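Student: I have a structure to read and a list of terms to learn. Can we go through them together?

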Amino acid sequence: MDVLPVLRERLGRQCERSRTPLSCRWQLADGSERDLVFDPHNHRLKLYRIAADDLRTPEIRFWKDGLNAAPELYSKLIVYGLPGDEMTWVRQGYVREGIIWRFFADGTDTWIWSAFADNGRDLAPRDGEHEQIVSLAAGKPTVEPSPPEGFHCRRARGDDAGMVSALLREVCPDYPTPTDADTVRAQIETGSNVYRLMFDGDDRLAAAASAEIDHARRSAELTDCATRPRYRGAGLMAYLLRLLERDMVRDFGITDLYTIARADEVGMNCVFSKLGWVHTGRLVNNCRMPGGWESMNLWCRRGASAERGDVARA
């Protein structure tokens, strides 16, 4: 089998060289449509809204067989599946890595199932260390963030893209997805991302975070969290994230949120736990970094509120 011609037919020539994930709709044999996302930089392929009964269809088996037929294209297949019939998934060679609450537009949870190429990507030698980080974070008491004194916050505009890009590149130069100014501007202007920015008393950008919105599924991921080192420890990120929760509720009616935090980072895992989020899984070797593959922790927030005292008025 050869998956590259199929990917090129659906996503365009030279799709395997794209730095940005590419998406398309495709059909099962019964004519129903599903979403597919190919992420060549991180060598992963994602399929959405797949049920256990679909796993035996030629279309799903084609993408799974591609793991070993073309591991240079994708060595991890991630399926955002519908709940149920766990044993069928296991028998078909999938591992359940986590859950995202109310991920689909009808309020259904998704069970995230992954399959790997036979190249060792499924190995997780640091899993014990990552479990300790989660345990540490989960033990933190819930704390409602207060407006940080001496700082002010607002939503990003298109002309803020340059400063946001510079911050993301400064804080995380090895970011696994594009952070150039043109990409950030497009995210803001198309409404695919809502950015919140925190400035110090001299109007210098201190921190930023965004909500990446899937409008079709009415779900949102809080991401792009970056604080300049000299401002860390002041509670800026926790407050930004609370504001983004409010934005999602008030402006988009999205109350159930999720995030994918680097499993190595103690600080961000603790921030989400202290905000009342719940750890719901780990995506093994999910992102390609200069030092190799990194695993990511899933955290979910059920029923974020639109009214949170001072936060609601910011």
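Student: How many residues does helix 7 have, and how far does helix 7 reach from its first C-alpha to its last?

Tutor: Helix 7 has 17 residues and reaches 24 Å. The expected span is 1.5 Å times one less than the number of residues. That gives an expected 24 Å, and the reach of helix 7 is close to it. Before we go on, note that this is a predicted model: local features need pLDDT of at least 70, side-chain atom pairs count only at pLDDT 80 or more, and totals for chains, interfaces and linings use all residues. Residues are numbered from 1 along each chain as its sequence is written, and side-chain values use heavy atoms, with hydrogens and water left out.

Student: What makes a stretch a helix or a strand?

Tutor: Both are DSSP runs, numbered from the N terminus: helices are H or I with at least four residues, strands are E with at least two.

Student: Why is Glu245 called buried?

Tutor: Glu245 is found in helix 7. Buried means under 20% relative accessible area, exposed means over 50%, and partly exposed is in between (1.4 Å probe, protein chains only). Glu245 has 0% relative accessibility, so it counts as buried. Leu222 is 23 residues away from Glu245 in sequence, yet 8.5 Å away in space, C-alpha to C-alpha.

Student: Is helix 7 mostly covered or mostly exposed?

Tutor: Mostly covered: 14 of its 17 residues are buried.

Student: Why is Gly233 called exposed?

Tutor: Its relative accessible area is 85%, so Gly233 is exposed. Gly233 sits in the loop between strand 10 and helix 7. Its C-alpha is 9.6 Å from that of Gly267, 34 residues apart along the chain.

Student: Why is Asp214 called partly exposed?

Tutor: Asp214 has 22% relative accessibility, so it counts as partly exposed. Asp214 belongs to strand 9.

Student: What is noted about the phi of Gln14?

Tutor: Most residues other than glycine have a negative phi. Gln14 is not a glycine, yet its phi is positive, about 65°. Gln14 lies in the loop between helix 1 (3–11) and strand 1 (22–27). At 32% relative accessibility, Gln14 counts as partly exposed.

Student: Where is Arg102, and what is its phi?

Tutor: Arg102 is in the loop between strand 5 (95–100) and strand 6 (110–116). Its phi is near 45°, positive in a residue other than glycine. With a relative accessible area of 39%, Arg102 is partly exposed.

Student: Why is Val79 called buried, and which residues is Val79 in contact with?

Tutor: Val79 has 1% relative accessibility, so it counts as buried. Val79 is found in strand 4 (residues 76–81). Contact means heavy atoms within 4.5 Å. Neighbours within four places in sequence aside, Val79 is in contact with residues including Leu47, Trp89, Tyr94 and Trp111.

Student: What makes a set of residues a nonpolar core?

Tutor: The members are buried Ala, Val, Leu, Ile, Met, Phe, Trp, Tyr and Cys residues, joined through side-chain atoms within 4.5 Å. The largest such core here has 30 residues. Among those with the most contacts inside it are Leu222, Met237 and Trp277. Helix 7 gives the largest share of this core, nine residues. Apart from it lies another core, of 28 residues, among them Phe38 and Tyr94.

Student: How do helix 4 and helix 8 cross?

Tutor: Two packed helices are described by the angle and the distance between their axes. Axes are lines fitted to C-alpha atoms, for helices over the stretch in contact, and angles run from 0 to 180 degrees between N-to-C directions. The axes of helix 4 (residues 127–138) and helix 8 (residues 266–274) come within 8 Å and cross at roughly 40°. The contact is made by Ile133, Leu136, Ala137 and Ala138 of helix 4 and Val266, Asn269, Cys270 and Ser273 of helix 8.

Student: Which residues of helix 8 are buried, and what follows helix 8?

Tutor: Met268, Asn269, Cys270, Val271, Phe272 and Ser273 are buried. These residues pack against elements including helix 4, helix 7 and strand 11. Gly276 follows helix 8, with a positive phi near 95°.
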